[in-house]
Amino acid sequence: MHVNKLRNKNNKIIEGPLEIIPQLFTDDRGYFYETWNARDFGTYVNRDVTFVQDNQSLSKKGTLRGLHYQLNPMAQGKLVRVSQGMVLDVIVDLRQNSETFSSWTSLTLNCKEKNLVWIPKGFAHGFLTLTEEAIVDYKVTNFWNKALDRTIIWNDSSISIEWPLETSLIKPNLSLKDKNGLTLNSLYEMGELF
């Protein structure tokens, strides 16, 4: 396994999130790799993490999901991977005491590289489907809680996420929840960040 820290567009490390690239064992039969190992993962994040639920979504090309997070005490850490296709995965730092507060980072998750991203509590998360279909699998550290679930609008100008060019020409496919997301400034004024 190889682990990379993630950086924002100013090349500053955002402490917490990690890209995890598993070791792949291949031969003429195919391949084998560990998608998750509690002991190794605890070493990477420097603490024990308990996952309570596994989720999976199927998304068509151009579907944008997010930017989602849950407030304390039901905040979620997420370990995300793509088992089919490719997505642009985006993370926004919502920790008000962080040096990288309100900055974002992104990485491409795909089934060929089999890379994963760890998103600790305190971050919003979303992704854009880049292939005809993508299956995204993710482990979460807390159960979904409707009352504490929040959505930041995907094109919030105060965050200025650089989604791929085609999304500025073609509207992404959004759920009603994502269309009605709030701005980061609105959520800050309501005291609904970390």
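A nonpolar core here is a set of buried Ala, Val, Leu, Ile, Met, Phe, Trp, Tyr and Cys residues joined through side-chain atoms within 4.5 Å. Buried means under 20% relative accessible area, exposed means over 50%, and partly exposed lies in between (1.4 Å probe, protein chains only).

The model is predicted: local features need pLDDT of at least 70, side-chain atom pairs count only at pLDDT 80 or more, and totals for chains, interfaces and linings use all residues. Residues are numbered from 1 along each chain as its sequence is written, and side-chain values use heavy atoms, with hydrogens and water left out.

## Cores

The largest nonpolar core has 22 residues. Tyr 69, Val 92, Leu 94, Ile 152, Ile 161 and Trp 163 touch the most other members. β6, β8, β11 and α4 (184–189) are the elements that give two or more residues to this core. Helices (H or I, at least four residues) and strands (E, at least two) are DSSP runs, numbered from the N terminus. A second, separate core holds 14 residues, including Ile 91, Leu 107, Leu 109 and Phe 127. In soluble globular proteins, nonpolar side chains tend to be buried together.

Val 92 shows the packing in detail. Contact means heavy atoms within 4.5 Å. Leaving aside neighbours within four places in sequence, Val 92 is in contact with Leu 67, Ser 102, Ser 103, Trp 104, Gly 122, Phe 123, Ala 124, Ile 159 and Ile 161.

Strand β11 covers residues 123–129. Seven of its seven residues are buried, so β11 is largely enclosed by the rest of the structure. Phe 123, His 125, Phe 127 and Thr 129 point one way from β11. Ala 124, Gly 126 and Leu 128 point the other way. Both sets are buried.

Two strands pair if DSSP finds at least two bridges between them. Strand β8 (residues 86–93) pairs with β11 in the antiparallel sense over seven bridges. There, Val 90 has Gly 126 of β11 as its bridge partner. Strand β6 (residues 64–70) also pairs with β11, again antiparallel, over four bridges. Arg 65 is bridged to Phe 127 of β11, and Leu 64 stands opposite Leu 128 in β11.

β6 is mostly covered, with six of its seven residues buried. β6 has a further antiparallel pairing with strand β13 (residues 149–151), over three bridges. His 68 has Thr 151 of β13 as its bridge partner.

## Pocket and cavity

Both terms rest on a 1 Å grid over the protein atoms alone. A cavity is a set of points where a 1.4 Å probe fits but cannot get out. A pocket is an open set with protein on both sides within 12 Å along at least five of seven lines. Lining residues have an atom within 4 Å of a point. Grid points are joined across faces, edges and corners, and a volume is the space filled by probe spheres set on the points.

The largest pocket has a volume of about 440 Å³. It is lined by 25 residues, and the closest to its centre are His 68, Gln 76, Lys 78, Tyr 138 and Lys 177. β5 (53–60), β6, β11, β12 (133–140) and α3 (176–179) each supply at least two residues of the lining. The lining divides into nine nonpolar, ten polar and six charged residues. Ala, Val, Leu, Ile, Met, Phe, Trp, Tyr, Cys and Pro count as nonpolar, Asp, Glu, Lys and Arg as charged, and the others, Gly among them, as polar.

One cavity reaches 30 Å³ or more. The largest cavity has a volume of about 60 Å³. Its lining is Met 1, Ile 20, Thr 35, Trp 36, Asn 37, Asp 40, Phe 41, Tyr 44, Leu 79 and Leu 116. Helix α1 (residues 38–45) gives the largest share, three residues. By class, the lining has seven nonpolar residues, two polar and one charged.

## Backbone points

| Cis peptide bond | Omega |
|---|---|
| Gly 66 to Leu 67 | near 15 degrees |
| Asn 72 to Pro 73 | about 10 degrees |

Leu 67 lies in strand β6. Pro 73 sits in the loop between β6 and β7 (78–84).

Asn 46 has a positive phi, near 65 degrees, though not a glycine. Asn 46 is in the loop between α1 and β5. Asn 46 is exposed, at 69% relative accessible area. Lys 114 also has a positive phi, about 65 degrees, and is not a glycine. Lys 114 is in the loop between β9 (104–110) and β10 (116–119). Lys 114 is buried, at 11% relative accessible area.
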